[in-house]
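Subject: Structure handover

Hi,

Here is the model we talked about, with its sequence. Please open it and keep it beside you while you read my notes.

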Amino acid sequence: MKRKYWILWSGVGAAMVALGCLAYALQSDVPVRAVRTEKATIRQFVDEQAKTRLPHTYVVSMPLSGRLAAEPIAQMREGTRVREGEVVARLVAEDLDIAVREARARVARLDAAVLENADVGVEQTAAQEAQKMADAVAEATKAVAARIEASRTNLEYARAHLARTLELRRTNARTEDEYELAIVQHAEAAATYRQDQLAYAAMLAMQAATDLMPEMVRQYIERKLGEGAKVLQRQQDEMQAVLDRALKDQQRGILQSPIDGIVLAQQADNERFVAAGEVLLEIGRIEDIQIEADLLTIDAVDVAPGDSVEIYGPAVGETPAHGTVAQVYPAGFTKLSSLGVEQQRVKVVVAIDPADRIRLIDKRRMAVGYRVRIRITTTTKQDALVLPRTALFRGSDGRWRVFAIRDGAAREQVVQLGLANDQQAEVTAGLEPGEMVVDVPDSSLEDGVRVTVQSE
């Protein structure tokens, strides 16, 4: 019985040894692709989608509201080459000419009014005549005053004569007729004196009025040459400004290209009324084309003007173009990603190398708004220990690891990294130059498993 158990356990042990040998054999046969660490130059860069743009786009817009003429705007199609100073659009000339003629007529009318206002010959003659009249009235008033004195003396005599006649009539020294005649003479003298008093009062009033007339005429002349002339001068200046504006509008009605360039956009192509400020054409210089990209702010902090840039993508062709960072905008902005995630980004402008820019324009026919990709080199390190990014993976503790091939087995090794890009990474600790590591390790690969290098 014991013999049977011994045989049984012996078989089990042999089977386990066989299985162990089989597992060891299978383990040593795991084929892997290996890469060798080496000293090389590594670049850290930022890779981002970008598009072409122009640093300056010149807008030709309506300088004032009016009718746009059909020519030459109808010929300014997108892609049309224009020269600096070339007429690209114009307003209907008749409308502007009418405004100029109206303004000139008003200026001429005001000029005539100014000359007429400056002529005070009639007013000066009137002032002289008014002074003569005032002098004549003054003399007549003096004559009436003398006449009053005579009539007053005559009245006093008539009063005394009447009193004497009455006294003599009581003694019958005078007849009744003489007494009645004295009464009549006294009444006539009193009436004459009263009339002379009224005449004198009238002459005084007339003298006061005529004395004012020369002064009034002089004041009128002063106002005419003073305030009146100022008012006319202001009106004349106003109307001259209207004429100047009309002449300026006449000049501005002819719109010229500000540069030698190409029409990028045409917003109007026939005769119609257009409001002031409305854009008619957009003109730019394709020769000045640049690259613009929206970088994540966490990447942009490492980018500085002067950094080297590689430009690539289908629009560029098989041969990448090169350039340098020309500007990093000082302010960021929020942008939604394709997945709807808010991202903080900042604009970066790249200047294309002249030779590559000419090649892209002439051979690739690149223009504004073309999609490209850029790779901005932020840091370069010489003689760094590098390996492909595909050999790296993170362990459960979050640290970077590789499978180093040592003594025919894959050994999990923690490494420390320095510079890195999409293709390579710098190893600062954990590996030695020339060591072989598993490239793109399979998720089932474990520490200590025997491996066979299938390709290097």
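In which loop does Pro72 lie? It is the loop between strand E4 (66-68) and E5. For context, most peptide bonds are trans. One caution before you go on: this is a predicted model.

**Overall form**

The chain has 6 helices and 23 strands. Its radius of gyration is 58 Å, whereas the globule rule gives 23 Å for 456 residues, so the chain is more spread out than a compact globule. The C-alpha trace spans about 220 × 60 × 40 Å along its principal axes. Buried residues account for 33% of the 456 residues. The accessible surface is about 27,400 Å². Carbon and sulfur atoms hold 53% of that surface. Take the contacts between residues at least 6 apart in sequence: 77% of them join residues at least 24 apart.

**Sheet and hairpin**

Look next at the open sheet of 4 strands. Its order is E3-E10-E8-E5, and the pairing is antiparallel. Strand E3 (58-61) and strand E5 (81-82) are the edge strands, each pairing on one side only. E3 runs antiparallel to strand E10 (residues 279-284), and 4 bridges join the two. Within that pairing, Val59 stands opposite Glu282 in E10.

Strand E20 (residues 416-420) pairs with strand E21 (residues 424-429) in the antiparallel sense, over 3 bridges. The hairpin leaves 3 residues between E20 and E21. Ala420 stands opposite Ala425 in E21.

Is Glu310 buried or exposed? Glu310 counts as buried because its relative accessibility is 18%, and the cut-off for buried is under 20%. This glutamate is found in strand E12 (residues 308-312). Leaving aside neighbours within four places in sequence, Glu310 is in contact with Arg43, Arg373 and Arg375, among others. Its other contacts include Pro320, Ala321, His322 and Ile374.

Arg375 turns up again elsewhere. Its charged end sits over the ring of Phe45, 4.9 Å from the ring centre. As for aromatic pairs, the count comes to 1.

Thr141 counts as buried because its relative accessibility is 4%. Which residues does Thr141 touch, not counting those up to four places away in sequence? They are Tyr200, Met203, Leu204 and Gln207.

Most residues other than glycine have a negative phi. Phi of Asp383 is near 55°, a positive value. Phi of Asp407 is likewise positive, near 55°.

Where do they sit? Asp383 is found in strand E16 (residues 371-388). Asp407 lies in the loop between strand E18 (400-406) and strand E19 (409-414). Asp383 counts as exposed because its relative accessibility is 55%, and the cut-off for exposed is over 50%. Asp407 is exposed too, with a relative accessible area of 75%.

That is the list. Over to you.

Best wishes

How values were computed. Residues are numbered from 1 along each chain as its sequence is written. This is a predicted model: local features need pLDDT of at least 70, side-chain atom pairs count only at pLDDT 80 or more; totals for chains, interfaces and linings use all residues. Side-chain values use heavy atoms; hydrogens and water are left out. Two strands pair if DSSP finds at least two bridges between them. Rings of Phe, Tyr and Trp (its six-membered ring) pair if their centres lie within 6.5 Å; planes under 30 degrees apart count as stacked, over 60 as edge-to-face and the rest as tilted. A charge sits over a ring if NZ of Lys or CZ of Arg is within 6 Å of the ring centre and within 35 degrees of the ring normal. Buried means under 20% relative accessible area, exposed over 50%, partly exposed in between (1.4 Å probe, protein chains only). Contact means heavy atoms within 4.5 Å. The radius of gyration is taken over C-alpha atoms; the globule rule is 2.2 Å times the number of residues to the power 0.38. Accessible areas come from the Shrake-Rupley method with a 1.4 Å probe; for residues, only the protein chains shown count as cover.
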